[in-house]
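Student: I would like to learn how to read the features of a model like this one. Please put it up and take me through it.

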Amino acid sequence: MDLNSPGRTLRIGGRPLPVVGPARMYVCGITPYDATHLGHARTFVWADVAARVMRHAGGEVRVCRNVTDVDDVLDQAAHRAGSPYDSFAAVQQFYFERDLEALGVHAVDHQPRAHNHVGEVVALAQGLLASGHAYVRGGAVHFRGGGVPRRAGLDAGRARALLAEYGDAPEDPGREDPFDVALWRPSRPGEPAWPSPWSAGRPGWHAECAAMAMTTFGPALDLHAGGVDLRFPHHAYEAAMAEALTGVRPFSRAWLHVGTVRRDGAKMAKSTGNLVLVSDLVQDHPASAVRFMLLAEPWAREWEYTPGALDRAAADLDRLLTAAGGGRSSPAAEAAVTGALLDDLDVRTALEVAEQEGGRTARLVARILALG
Ligand SMILES: [Zn+2]
């Protein structure tokens with residue numbers, strides 16, 4: 001196999017990602033408390049395309065997509081539904097996987113659930129305490145994160161605002177620095193709680209992903225995927241915790257931060273009330289058209305969903321598949337398609353070549369992108 005030879009290496013953000021043996025890819029998964037909307041789906045479809053392109057180029061990929069089933073919003077949703085958090089999460093997870101399967105997202109190799117990895121978070125916290133990267137206050141363990149915003153290229157004001165938005169508490173007087181975050185915190189009455197040396201409590205969100213990623217793949221990853229809104233604080237702290245524990249840098253060699261999905265001028269989010277659910281769209285359109293629509297705009301860009309987008313995607317997909325049924329083809333066109341996809345997952349160029357050439361080239365693109 002000529003993996004890593006020129007033209008056979010995936011580039012992300014312009015930088016080649018050569019690997020020997022299986023690539024380790026961690027996809028920051030969902031908090032299973034609600035139905036799958038296009039914002040989730042776009043991230044997981046693009047992560048799936050990254051893995052498929054690496055496999056097409058002759059590489060092996062191991063994909064881990066976690067389930068964040070220990071989380072405040074999940075607890076609140078389970079409470080409202082009158083269910084224990086774990087059975088509520090399991091039911092939501094079933095719907096989520098049904099939706100991703102419909103969208104052609106390949107089954108992942110590892111699917112750790114946060115509640116099964118509490119012991120690893122305790123071990124992470126103990127290791128960081130031992131090396132002076134964390135401290136105990138009132139039953140909580142805080143990670144010393146003073147340098148994390150700077151490394152993420154953020155000024156203090158922006159970092160504070162983002163930490164507060166994502167549920168960390170920069171104003172908490174129990175912290176030595178506003179940019180310290182919880183590895184562990186005591187549970188409030190009624191919340192799930194696990195024993196630890198510090199309190200009956202629960203892991204911090206960033207620590208959960210760090211622990212699950214390292215449990216699955218060891219100290220470092222080749223590619224870490226997730227929505228761009230997770231870049232800071234979630235991924236920045238996850239990486240900082242892992243690097244502080246192991247001394248291995250970078251924690252992830254490359255990041256696939258998939259752009260936000262917007263609708264009516266705002267980020268698609270439950271709190272905004274502008275969700276478009278995958279399960280609704282597949283009622284009257286083929287799921288492959290939904291997948292195609294999610295790939296229409298390059299992964300790093302924002303994408304605004306408009307009501308006509310799915311009809312247009314269905315028509316474009318029809319054209320691709322029609323071209324695949326006829327036309328000519330050439331080895332050069334097939335190489336051009338592979339080259340485009342390896343170059344930052346340039347789906348747009350690959351589709352243009354496929355439509356022009358038709359035949360085998362179009363069938364190849366449809367197969368790699370799982371659109372057929
Ligand atoms: Zn994560």
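Student: Which residues are buried in α10?

Tutor: Some ground rules come with the answer. This is a predicted model, in which local features need pLDDT of at least 70 and side-chain atom pairs count only at pLDDT 80 or more, while totals for chains, interfaces and linings use all residues. Residues are numbered from 1 along each chain as its sequence is written, and side-chain values use heavy atoms, with hydrogens and water left out. Buried means under 20% relative accessible area, exposed over 50%, and partly exposed in between (1.4 Å probe, protein chains only). Helices (H or I, at least four residues) and strands (E, at least two) are DSSP runs, numbered from the N terminus. In α10 the buried residues are Ala287, Ala289, Val290, Arg291, Phe292, Met293 and Leu294.

Student: What do the buried residues of α10 pack against?

Tutor: Contact means heavy atoms within 4.5 Å. The partners are α1, α3 (85-102), α9 (278-284), β13 (303-305), α11 (309-324) and α13 (347-357).

Student: How is the order of strands in a sheet read, and which order do the 4 strands of the open sheet take?

Tutor: Two strands pair if DSSP finds at least two bridges between them. Here the order is β4-β3-β9-β10, with parallel pairing. The edges are β4 (61-65) and β10 (252-258), each pairing on one side only. Direction ignored, neighbouring strands are turned by 20° against each other on average.

Student: How many bridges join β3 to β4, and how many join β3 to β9?

Tutor: β3 and β4 are joined by 5 bridges, with Ala23 partnered by Val61 in β4. Between β3 (residues 23-27) and β9 (residues 221-227) there are 3 bridges, and Tyr26 stands opposite His224 in β9. Although β4 is an edge strand, 4 of its 5 residues are buried.

Student: Which strands does helix α1 lie across?

Tutor: For such angles, axes are lines fitted to C-alpha atoms, for helices over the stretch in contact, and the angles run from 0 to 180 degrees between N-to-C directions. Helix α1 (residues 38-56) lies across β3, β4, β9 and β10, and runs at about 175° to β3.

Student: How is a metal site read, and which residues coordinate the zinc ion?

Tutor: Donors are N, O and S atoms within 2.8 Å of the metal (3.2 Å for Na, K and Ca); water is not among the atoms, so sites may look incomplete. The zinc ion has Cys28 (SG), Cys209 (SG) and His234 (NE2) at 2.1 to 2.2 Å. Cys209 belongs to helix α7 (residues 205-217) and His234 to helix α8 (residues 231-246), so this pair ties together parts that are 25 residues apart in sequence. The donor spacing is C-x180-C-x24-H.

Student: Are Cys209 and His234 buried or exposed?

Tutor: Both Cys209 and His234 are buried.

Student: Where are the domains, and how many residues of domain 1 are in contact with domain 2?

Tutor: Domain bounds come from an automatic or database domain assignment. Domain 1 covers 18-284 and domain 2 covers 306-368. Their centres, taken over C-alpha atoms, are separated by 33 Å. In the contact, 9 residues of domain 1 meet 8 residues of domain 2.
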